[in-house]
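Q: Please take a close look at one loop in this model, and then connect it with the other local features that deserve attention. A plain account is enough.

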Amino acid sequence: MILVVLEHDGARLRKGALEAVTRARQLSALGGVSGVVIGENLTSVAEEARRYVDTVYVAEVGAYTAEKWAAAAYAAAQKAGAKVVIASGGRQSRSWTPRLAYRLGAGLLEDTLETSTDGSRVIASRYSFLNRVTEKQAASLPVVITAKPNTTPLAEPQGEGSVEDLSVELPPAQVEVLERVTEQKKGVSLTEATVVVTGGRGLGSPEAFAGVEELADLLGGAVGATRAVVDAGWRPYGEQVGQTGKTVQPGVYIALAVSGAVQHQAGMNKSKYIVAVNKDAEAPIFKIADYGIVGDVHQVLPALIEATKKLRD
Amino acid sequence: MKFVAVIRQVPDSESRLKIDAGRVDLSSATLILDQMDEYAVEEVIRLQEKHGGESVIVALGPERFEEAVRTALAMGADRAIHLVQEGYLDPITQAEALAEVLRAEAPDVVLTGGQQADWDSQALGPAIAEALGWPVVTWTTALEIEDGWAKARHDLDEGAEVVRLSLPAVFTTQQGLNEPRYPTLPGIMKAKKKEIRKAPTAAASKVEVLEQSIQERARLGKLLDGTKDPQAAASELIRLLHEEAKVI
């Protein structure tokens, strides 16, 4: 049996959950597919989830903590007799899946791009060495897998599964949340966006990001930022792309006034197309760019916005 | 109090990677203390400076890791334990082996990097916490301890959180936690005399690396001159993205 931990936003399943269901179906040689939804007020998500899996386990455990999620996923895996557990690969799930893997005595395949099976093992591909290397890994069952977002087609619904409440033995709470600062994002999330427009320090001021936002909006994309920009306090950490920020892999990545340090490249070098605008023709970003404009971003960015508007008309 | 940093040695991100017989060959790469682990070393030294007690470095990896261990000692940590293991060992199994040492050391705080620069894994800290039955805070950007408690700020997928938890606990690092110090010459001299206790490990990896490759995607490299007529360059770029690449 395969168990999918279905991520949701409280109302709907997230795209990553539907990607994880597709991954589970690809491993159908290892068994049927069950799911678990974890959190609070799960009735509507469970209704949606049952259309994708044979059985949905509902674990009402309250607000997120890594310990609770690991405990709930563990209880669901035990109940389902699952030898394979799949979750989508955000930073949150990457902090509780190691706990789950340890508890199950399972191998952990992190942030995988593709998964297949030879009947007894799961074989996965993933990036390593700061996204510079592609590697193939294999693990015998039991195994816990996280699927890198944006790598897998979304699953289609396929019927009416059953819904079952799951009782979870929760460990005493070890971590108390004193304050949570959620960055209110409008539009698409950075890791799921098909277009990412990133601004670098060369923009000169936080105000210049108005143009970055406008271009991202016009293209239906998300705004990214470099570490230098985030360190300077111009943009929130949640927008940071790179080794210590997020890894993105959009259809097109537009880097505005970004020099292209290796640490930044680690977060975006797998984008399908890379576009760079920089006044320095020798900037490292041009070495990995598909298209680029050598020029002053303060002149080129407004022109890009104008040209995009024309295209849209 | 006792503070432990769990560290690894990785190739410098600027280093050129080679592939030999389907494996990354590090023989010509510059190897360094993982920069995310450097934050961990700096933090344990600062905690010790503030609260007294002892700062200990723990490493699990091949013989060559000793260089990174010496760097951490030269930064100011008191002593080190090095579990020697050649070849790949998955983070869950590593955590199991490290937990044994950590249980014996009984530290108040364990710190390690948020993501490893070679395996791109984020699992070691959380897996160690599970093995010890301790709480974990990932991607920590601020840490204060007092009377058996810790208050920490850490990054989430979107946003950040301030949490309070009782010690002992595991923390994984994020940039911004501190500015790691450079080893000084006296520090390097002193580090030569500091204790590194070595022990073999006999753990077997649950995950096997079958093959590694570098596929540099050939980029188009089409550059337009936007210095004289930015409008024309911008229009041409948008046209290319729409008609040729078909991504907008």
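A: Pro142(A) sits in the loop that joins strand E8 (133-140) to strand E9 (143-147) of chain A; helices (H or I, at least four residues) and strands (E, at least two) are DSSP runs, numbered from the N terminus. The peptide bond leading from Leu141(A) into Pro142(A) is cis, with omega near -5°.

This is a predicted model, in which local features need pLDDT of at least 70 and side-chain atom pairs count only at pLDDT 80 or more, while totals for chains, interfaces and linings use all residues. Residues are numbered from 1 along each chain as its sequence is written, chains are lettered from A and ligands numbered from 1 in the order in which they are written, and side-chain values use heavy atoms, with hydrogens and water left out.

Chain B also has a cis peptide bond, from Leu167(B) to Pro168(B), with omega near 5°. Pro168(B) is placed in the loop between strand E11 (160-166) and strand E12 (169-173) of chain B.

Backbone angles in chain B call for two further notes. Ala106(B) has phi near 50°, a positive value in a residue other than glycine, and is found in the loop between helix H3 (91-105) and strand E8 (109-112) of chain B. Lys246(B) has phi near 55°, again a positive value in a residue other than glycine. Lys246(B) belongs to the segment after helix H6 (230-244) of chain B and is exposed, at a relative accessible area of 63% (exposed means over 50%, buried under 20% and partly exposed in between, with a 1.4 Å probe and protein chains only).

Next come the aromatic rings. Three aromatic pairs are present over all chains; rings of Phe, Tyr and Trp (its six-membered ring) pair if their centres lie within 6.5 Å, and planes under 30 degrees apart count as stacked, over 60 as edge-to-face and the rest as tilted. One of them is formed by Tyr64(A) and Trp69(A), whose ring centres are 5.0 Å apart with the planes at 65°, so this pair is edge-to-face. Tyr64(A) and Trp69(A) are both buried. Tyr273(A) and Tyr291(A) have ring centres 6.1 Å apart and planes at 25°, so they are stacked. That pair links distant parts of the chain, with Tyr273(A) in strand E15 (residues 273-278) and Tyr291(A) in strand E16 (residues 291-294) of chain A, 18 residues apart. Tyr273(A) and Tyr291(A) are buried as well.

In chain B, arginines lie over tryptophan rings; a charge sits over a ring if NZ of Lys or CZ of Arg is within 6 Å of the ring centre and within 35 degrees of the ring normal. Arg8(B) is over the face of Trp119(B), 4.1 Å from the ring centre, and Arg164(B) is over the face of Trp149(B), 3.7 Å from the ring centre.

Between the chains, helix H4 (residues 93-104) of chain A meets helix H4 (residues 124-132) of chain B: their axes come within 8 Å and cross at roughly 45° (axes are lines fitted to C-alpha atoms, for helices over the stretch in contact, with angles from 0 to 180 degrees between N-to-C directions). Residues in this contact (heavy atoms within 4.5 Å) include Arg94(A), Pro98(A) and Tyr102(A) of H4(A) and Pro126(B) and Glu130(B) of H4(B).
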